[in-house]
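Please look through the sequence and the structure shown here before reading on.

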Amino acid sequence: FVDSSIDSITPASGQVGVVITIAGETMLGGGVSATSITLAGVEAVDCTTAVADDEIVLVVPSGDAQTGNVVITADTGAVVTLVDDFEFLVASEIDSITPAEGQFGTLVTIEGSNLLGGGAAADDTITSAKLGSLAAEVIFANQSYIVLKTKNGDAAEVDVTLVATSGATTIAAGGFTYLDRKSTRLNSSH
């Protein structure tokens, strides 16, 4: 008989894209892999980035806001459960992008909810902000308000992609349009 346990899940809550670590003892029951991992009833085995007997790292899959069990089933058939210890958070959402068009140096304000993934850590922030394939400078970020400064981009409608420290990813398809740099000029005669 192998004594298996899940000791902790860090963080114990998150939305799609958040990276979590499940720590425990002989969680694979003497086996070498997990055949199933569920978070609050949502299958997550395909989301694993590392699996070991004492630690499993995975990316939270998409799921409805709810709290539930963490269940690991090993290739040996061993099952280990941590009861009511993971909470799916409401997924982040971009409500508005102002202005929705601009050029190099434009300050863009993004408003929404759970933009940092719902995390409460003091160091939660946006680690990557892109307008299309171009990185944007993050001037300010909190759960509901982000200010970016654009880089040079070719005239085109592009996706806005935000990635938080937690791993949570928020995308607004076609959310920003780079204007043709030649089409707008400052009137310096006044």
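Predicted model: local features only at pLDDT ≥ 70, side-chain atom pairs only at ≥ 80, totals over all residues.

Residues are numbered from 1 along each chain as its sequence is written, and side-chain values use heavy atoms, with hydrogens and water left out.

**Strands and their pairing**

Strands are DSSP runs of E with at least two residues, numbered from the N terminus, and two strands pair if DSSP finds at least two bridges between them. Four strands form an open sheet in the order β10-β12-β16-β15, with antiparallel pairing. Its edge strands are β10 and β15 (137–141), each of which pairs on one side only. From one strand to the next the twist averages 25 degrees, where axes are lines fitted to C-alpha atoms and angles run from 0 to 180 degrees between N-to-C directions.

| Strand pair | Direction | Bridges |
|---|---|---|
| β15 and β16 | antiparallel | four bridges |
| β11 and β18 (169–178) | parallel | two bridges |
| β17 (156–164) and β18 | antiparallel | seven bridges |

β17 and β18 form a hairpin with four residues between them, and Gly167 in the turn has a positive phi of about 100 degrees.

**The loop residue Ala100**

Ala100 lies in the loop between β10 (93–98) and β11 (101–102). Leaving aside residues up to four places away in sequence, Ala100 touches Gly175, Phe176 and Thr177, a contact being heavy atoms within 4.5 Å. The C-alpha atoms of Ala100 and Glu157 are separated by 9.5 Å, although these residues are 57 residues apart along the chain.

**A nonpolar patch**

Tyr145 belongs to strand β16 (residues 145–149) and is partly exposed, with a relative accessible area of 33%. Together with Leu107, Ile139 and Phe140, Tyr145 forms a nonpolar patch on the surface with about 370 Å² of accessible area. Such patches are made of residues with over 30% relative accessible area and no salt bridge, nonpolar side chains (Val, Leu, Ile, Met, Phe, Trp, Tyr) being joined within 5 Å and like charges within 9 Å. A salt bridge is a side-chain nitrogen of Lys or Arg within 4 Å of a carboxyl oxygen of Asp or Glu, and accessible areas come from the Shrake-Rupley method with a 1.4 Å probe.

Conventions: Buried < 20%, exposed > 50% of the residue type's maximum accessible area, 1.4 Å probe, protein only.
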